[in-house]
Amino acid sequence: MGKPVGVQVPPRAYVWRPYAVVAGIGLALYFQALFFGLTYLDDQVLISDNLHFLKRWSSLLEAFGQGVFHVSHEGDTYYRPLFTASLVLDANLWGSWFG
């Protein structure tokens, strides 16, 4: 079974180009966001006020036993352990400057 008549198949070397264009557009649109600071809406409560918790590697496991606002997840409506774990990783990898 060969290729249909009249249909040109692009060479494999050019298959990545559409993906590179989409990635380039995304990077161009959001590049400036790398230099923004904290928003101080919930960032103040979740990040700035909790750096003492976030900078401990043991908090990575503790994140699965409490809610986002550091209360027992049974009474907390915002149980987001992966979000909290990502904040712990960010704080340990980047220090105080990870906003």
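Y40 is placed in the loop between helix 1 and helix 2, where helices (H or I, at least four residues) and strands (E, at least two) are DSSP runs numbered from the N terminus. The model is predicted, so local features need pLDDT of at least 70 and side-chain atom pairs count only at pLDDT 80 or more, while totals for chains, interfaces and linings use all residues. Residues are numbered from 1 along each chain as its sequence is written, and side-chain values use heavy atoms, with hydrogens and water left out.

Y40 is not a glycine, yet has a positive phi of about 65°. Most residues other than glycine have a negative phi. Y40 counts as exposed at 52% relative accessibility; buried means under 20% relative accessible area, exposed over 50%, and partly exposed in between (1.4 Å probe, protein chains only).

**Chain overview**

The chain has 5 helices and 0 strands, in the pattern α-α-α-α-α along the sequence. Of its 99 residues, 20% are buried. The accessible surface is about 7900 Å², and carbon and sulfur atoms hold 67% of that surface; such areas come from the Shrake-Rupley method with a 1.4 Å probe, and for residues only the protein chains shown count as cover. Contact means heavy atoms within 4.5 Å. Among contacts between residues at least 6 apart in sequence, 42% join residues at least 24 apart.

The mean pLDDT of the chain is 83, and 84% of its residues reach 70 or more; pLDDT is the predictor's confidence in each residue, from 0 to 100. Confidence is lowest in helix 2, at a mean of 85, and highest in helix 1 (residues 17-30), at 96.

**Nonpolar core**

The largest nonpolar core has 8 residues: L46, I47, F53, L54, V68, L87, V88 and A91. Helix 3 (51-54) and helix 5 each supply at least two residues of this core, and the largest share, 3 residues, comes from helix 5. A nonpolar core is a set of buried Ala, Val, Leu, Ile, Met, Phe, Trp, Tyr and Cys residues joined through side-chain atoms within 4.5 Å. In soluble globular proteins, nonpolar side chains tend to be buried together.

L82 lies in helix 5 but counts as exposed, at 63% relative accessibility. Q66, in the loop between helix 4 (59-62) and helix 5 (81-94), is buried, with a relative accessible area of 14%.

| Pair | Separation in sequence | C-alpha to C-alpha distance |
|---|---|---|
| L82 and V68 | 14 residues | 9.7 Å |
| Q66 and Y78 | 12 residues | 9.1 Å |

**Charged residues**

Side chains of opposite charge can pair when their charged atoms come close. A salt bridge is a side-chain nitrogen of Lys or Arg within 4 Å of a carboxyl oxygen of Asp or Glu, and the count by this rule is 1. E62 forms a salt bridge with R56, with the closest N and O atoms 3.1 Å apart. E62 is partly exposed, with a relative accessible area of 33%, and R56 is partly exposed as well, at 35% relative accessibility.

D43 is in helix 2 (residues 43-46). D43 is buried yet has no salt bridge, and R80, the nearest side chain of opposite charge, is 14 Å away. For charge, Lys and Arg count as positive and Asp and Glu as negative; His and the chain ends are not counted. Not counting residues up to four places away in sequence, D43 touches L38 and S48.
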